[in-house]
Every structure is written in C-alpha cells, then in structure tokens.
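Please keep the sequence and the model in view while reading.

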Amino acid sequence: MMAEHGLAPTYYAPFARMEGGAVRPRDLREISPADNSGIRLVPQVIFKDIDELSALVDAVAAIGYRRVDLNLGCPFPPQVKAGRGAGALRAELLEAVADFIDSRADIDFSVKMRPGIREAGEWRALAPALRRMRLCALAVHPRTASQAYRGDVLGDVFGQMYDGLGRPLIYNGDVCTPGQWRDIMERYPALDGVMAGRGVLARPSLPVEIEQGGDWEPSERRVFWYRLMRGVAAEITARSCGRAQALSRLRPRLEYYDREAISRREIKALAKADDWSGAGIP
C-alpha cells in the first residue's frame with residue numbers, strides 16, 4: 001500500500017480528546033498499533049490543561065506509542081472556546097507544557113500550531129515557551145484560528161516564525177500541487193518538512209507526483225483517486241460492521257476532491273451511492 005500510493009514519511013492521526021472526564025475509547029481504537037502496522041503513525045492529542053494532556057499522553061503511551069503530537073492549531077470554534085486546539089495558545093499554559101515535556105523523557109513530542117487565535121503576531125509572546133520545549137518537530141499553519149481555512153495563507157508571518165523561532169519548522173497549509181511543494185521548499189530551504197492534509201485528501205497521488213518530480217495528467221489522477229477510494233471503502237468494510245458504516249465514514253471526505261480530475265456530478269453520484277465497487281459509477 002505504501003509503495004503503491006507514495007511514501008509520506010509520517011502520518012498524523014486525527015486527534016484524541018477527552019470526553020466525560022476520560023479519554024474517548026474510539027480515538028484509541030483508531031490508532032491501535034495492530035490496525036496501523038507498516039506505517040509511521042503519530043498520535044495527536046488536543047487538550048485544555050495539563051491534567052487533560054497528562055491523561056491523553058498516558059493513554060497513548062499505554063498502547064505502545066513513544067511519540068505524541070500536541071494540537072495547538074485546531075480552529076473549530078467549540079474547541080477554541082473550550083481552550084483546546086488554537087485556544088491553548090496561552091503563554092502560561094505553554095510554559096506548563098514545556099515543564100510537562102521535560103517530565104516525560106520517555107516520550108518524544110511535536111507540536112502543530114497556528115500563529116495566533118485572532119492576531120497573526122500572537123506567536124511572539126509564546127516564543128519563549130516554544131523555544132524551551134523539547135520537540136522533534138514544530139509544524140505551523142500560517143493562518144490564524146479566526147481565519148480557519150479561509151483566505152490566503154500568511155506567508156510573511158510564516159517567514160517571520162521561520163526566522164524568529166530559532167528552530168527548523170514544518171510548513172503546513174494549502175499544499176495542493178507538486179509546484180506548490182517545490183516553491184515552499186525553495187523559499188525555505190532549512191525546513192524540516194512539509195505537511196499536507198486537505199491537499200492529499202483531494203489529490204492522493206500528490207506524494208507520488210512529488211517523488212517522481214512531475215505533475216500527472218488529470219486523467220491519471222482520476223484513475224488513482226477512484227482506485228484508492230474504492231480500496232479504502234473495501235478495507236473499512238472488512239474491518240467494521242459493513243459497507244454502510246464504511247461509506248458513512250468516507251462521504252464527508254468527498255468535500256475534498258481534485259476539480260481538474262473529478263467532476264461535481266461524479267461526487268454527487270458517490271454521495272448517493274450505496275456501493276463504491278464501481279457499478280454504475282464512472
């Protein structure tokens with residue numbers, strides 16, 4: 001699967017979180033090492049305070065992981081309002097997080113963050129705590145939480161953080177084509193890497209295209225997209241309660257698709273279909 005679909009060196013899992021005072025069991029099931037063998041998976045956690053962070057790290061470590069990613073970037077308003085995700089971008093909390101990281105020598109940590117909640121310059125007040133943290137990676141999505149995923153990325157702000165934090169960064173945000181990836185790598189040659197989320201959801205051939213050093217034709221990307229989506233549907237069906245559950249989990253992903261390769265009509269057909277094996281679908 002990895003060789004066929006391209007080698008993305010690290011996969012970040014959807015975040016695990018607390019619910020009713022405990023770690024959600026389904027989040028831990030999603031990252032079960034038995035179900036994720038053969039890939040380099042990093043669990044991700046979202047938290048509002050050190051108590052939540054400690055409980056989540058303990059739960060993830062208990063199933064065998066020795067690296068945890070701290071989500072300081074989720075812009076979803078209910079999470080931000082609760083002080084989680086980008087809402088955790090508070091200097092006092094980040095100082096406590098740095099101390100917590102020091103206390104857990106058994107775990108490697110990384111961070112994914114925004115430059116601020118409402119203002120792009122908020123990161124400057126957080127820089128001392130970020131520099132203190134023992135991190136193996138720091139990924140920055142250069143939009144504020146209030147922007148969510150709207151508008152242009154703040155390239156100048158990322159450049160300021162790239163120069164001002166004194167540590168290598170990972171670029172995260174609107175990497176949708178091989179050309180965009182090349183432009184970012186040329187502009188920031190000391191990057192630790194590039195993170196692509198929605199870009200790979202829409203164009204899953206992107207890692208392969210980057211590896212191969214060129215852009216595929218839309219027709220090639222279309223064939224790849226269909227083969228992958230049907231394969232994932234079959235895999236989830238085999239591991240879960242059946243096809244209906246598999247498709248219910250995949251339909252929200254149809255929001256992200258390569259508009260040069262897939263038509264809106266095809267997406268609507270998939271959204272209504274109860275079988276993605278290919279019958280009746282282009």
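Is Ala148 buried or exposed? Ala148 is buried, with a relative accessible area of 14%; buried means under 20% relative accessible area, exposed over 50%, and partly exposed in between, with a 1.4 Å probe and protein chains only.

This is a predicted model, in which local features need pLDDT of at least 70 and side-chain atom pairs count only at pLDDT 80 or more, while totals for chains, interfaces and linings use all residues. Residues are numbered from 1 along each chain as its sequence is written, and side-chain values use heavy atoms, with hydrogens and water left out.

**Overall form**

- The chain comprises 13 helices and nine strands; helices (H or I, at least four residues) and strands (E, at least two) are DSSP runs, numbered from the N terminus.
- For 282 residues, a compact globule would have a radius of gyration near 19 Å, and the 19 Å of the chain agrees with this. The radius of gyration is taken over C-alpha atoms, and the globule rule is 2.2 Å times the number of residues to the power 0.38.
- Along the principal axes, the C-alpha atoms fill a box of roughly 55 × 40 × 30 Å.
- Of the 282 residues, 47% count as buried.
- Among contacts with a separation of 6 or more, 69% join residues 24 or more positions apart; contact means heavy atoms within 4.5 Å.

**Nonpolar cores**

- In soluble globular proteins, nonpolar side chains tend to be buried together.
- A nonpolar core is a set of buried Ala, Val, Leu, Ile, Met, Phe, Trp, Tyr and Cys residues joined through side-chain atoms within 4.5 Å.
- The largest nonpolar core has 54 residues, of which Val45, Phe47, Leu70, Phe109, Met113, Met133 and Leu169 touch the most other members.
- Leaving aside neighbours within four places in sequence, Leu169 is in contact with residues including Leu138, Val140, Phe158 and Leu191.
- A second, separate core of 16 residues includes Ile236, Leu250, Ala261 and Ile267.

**The buried side of helix 12**

- In helix 12 (residues 243–250), the buried residues are Ala246, Leu247 and Leu250.
- These three residues lie on the same side of helix 12 because they cover an arc of only 90 degrees around the axis; the arc is that of the directions from the helix axis to the C-beta atoms.
- An α-helix has 3.6 residues a turn, so residues three or four places apart point the same way.
- Helix 11 (218–239) is included in what covers the buried residues of helix 12.

**Residues with a positive phi**

- Most residues other than glycine have a negative phi.
- Ala148 has a positive phi of about 55 degrees although it is not a glycine, and Ala148 is placed in the loop between strand 7 (135–140) and helix 7 (155–164).
- Asp174, also a residue other than glycine, has a positive phi near 55 degrees. Asp174 is found in the loop between strand 8 (170–172) and helix 8 (178–187), and is partly exposed, with a relative accessible area of 30%.

**Charged residues**

- The count comes to 19 salt bridges; a salt bridge is a side-chain nitrogen of Lys or Arg within 4 Å of a carboxyl oxygen of Asp or Glu.
- Arg17, Glu19, Arg24 and Asp27 are linked in a network of salt bridges.
- Arg24 is buried, with a relative accessible area of 11%, whereas Glu19 counts as partly exposed at 46% and Arg17 counts as partly exposed at 22%.
- Arg104 and Asp58 form a salt bridge through their side chains (2.7 Å, N to O). Arg104 lies in the loop between helix 5 (91–103) and strand 6 (108–113) and Asp58 in helix 3 (residues 50–62), so the pair ties together parts that are 46 residues apart in sequence.
- Asp69, in strand 5 (residues 67–72), is buried yet has no salt bridge, and Lys112, the nearest side chain of opposite charge, is 5.0 Å away. Lys and Arg count as positive and Asp and Glu as negative, while His and the chain ends are not counted.
- Leaving aside neighbours within four places in sequence, Asp69 is in contact with residues including Tyr12, Val42, Gln44, Ser110 and Lys112.
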